[in-house]
Amino acid sequence: MAKTSNGLYDVVWPCGERRLKMRPLAKRLDTLNGKTVAQLWDFLFAGDEVFSALEEKIREQYPDVKFVSWREFGTTHGVNEKELLASLPQRFRELGVDAAISSMAC
């Protein structure tokens, strides 16, 4: 900190300047019935078991929901993760995906 000539100190914010602008969240779906949900997984922990349990529970409440398996996309973590993530908007359009569940290890 530097003391100014009028006896005050200059102070800087320790987090620095914000580089990205905040954007509003996407509109939420009112239901999952009739919708297609993509499953994304980083292949760590037990995503195969987690997605199986999630599908079962979600289908109890939304019997007309469809899922695109994590197997369709491959791992979201690893050598090609940047390319995979960049390709998702186009893949989602091709597959008619309305929403996604992204699972990762802790």
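Colleague: What covers the buried residues of H1?
Modeller: The cover includes strand E1 (36-41), strand E2 (66-68) and strand E3 (99-103). Contact means heavy atoms within 4.5 Å. Helices (H or I, at least four residues) and strands (E, at least two) are DSSP runs, numbered from the N terminus.

Colleague: And where do these coordinates come from?
Modeller: This is a predicted model, where local features need pLDDT of at least 70, side-chain atom pairs count only at pLDDT 80 or more, and totals for chains, interfaces and linings use all residues. Residues are numbered from 1 along each chain as its sequence is written, and side-chain values use heavy atoms, with hydrogens and water left out.

Colleague: Which residues of H1 are buried?
Modeller: Gly47, Phe51, Glu55 and Ile58. They cover an arc of only 80° around the axis, so they sit on the same side of H1; the arc is that of the directions from the helix axis to the C-beta atoms. Buried means under 20% relative accessible area, exposed over 50%, and partly exposed in between (1.4 Å probe, protein chains only).

Colleague: Which ones are exposed on the other side?
Modeller: Glu49, Glu56, Lys57 and Glu60.

Colleague: How far does H1 reach?
Modeller: H1 (residues 47-61) has 15 residues and reaches 21 Å from its first C-alpha to its last, close to the expected 21 Å. The expected span is 1.5 Å times one less than the number of residues.

Colleague: Changing topic, which phi does Phe43 have?
Modeller: A positive one, about 65°, although Phe43 is not a glycine. Most residues other than glycine have a negative phi. Phe43 lies in the loop between E1 and H1 and is partly exposed, at 41% relative accessible area.

Colleague: In what order do the elements run?
Modeller: From the N terminus on, β-α-β-α-β. The radius of gyration is 21 Å, well over the 13 Å that the globule rule gives for 106 residues, so the protein is more spread out than a compact globule. That radius is taken over C-alpha atoms, and the rule is 2.2 Å times the number of residues to the power 0.38.

Colleague: What does the C-alpha trace span?
Modeller: About 70 × 35 × 25 Å along the principal axes. Of the 106 residues, 23% count as buried.
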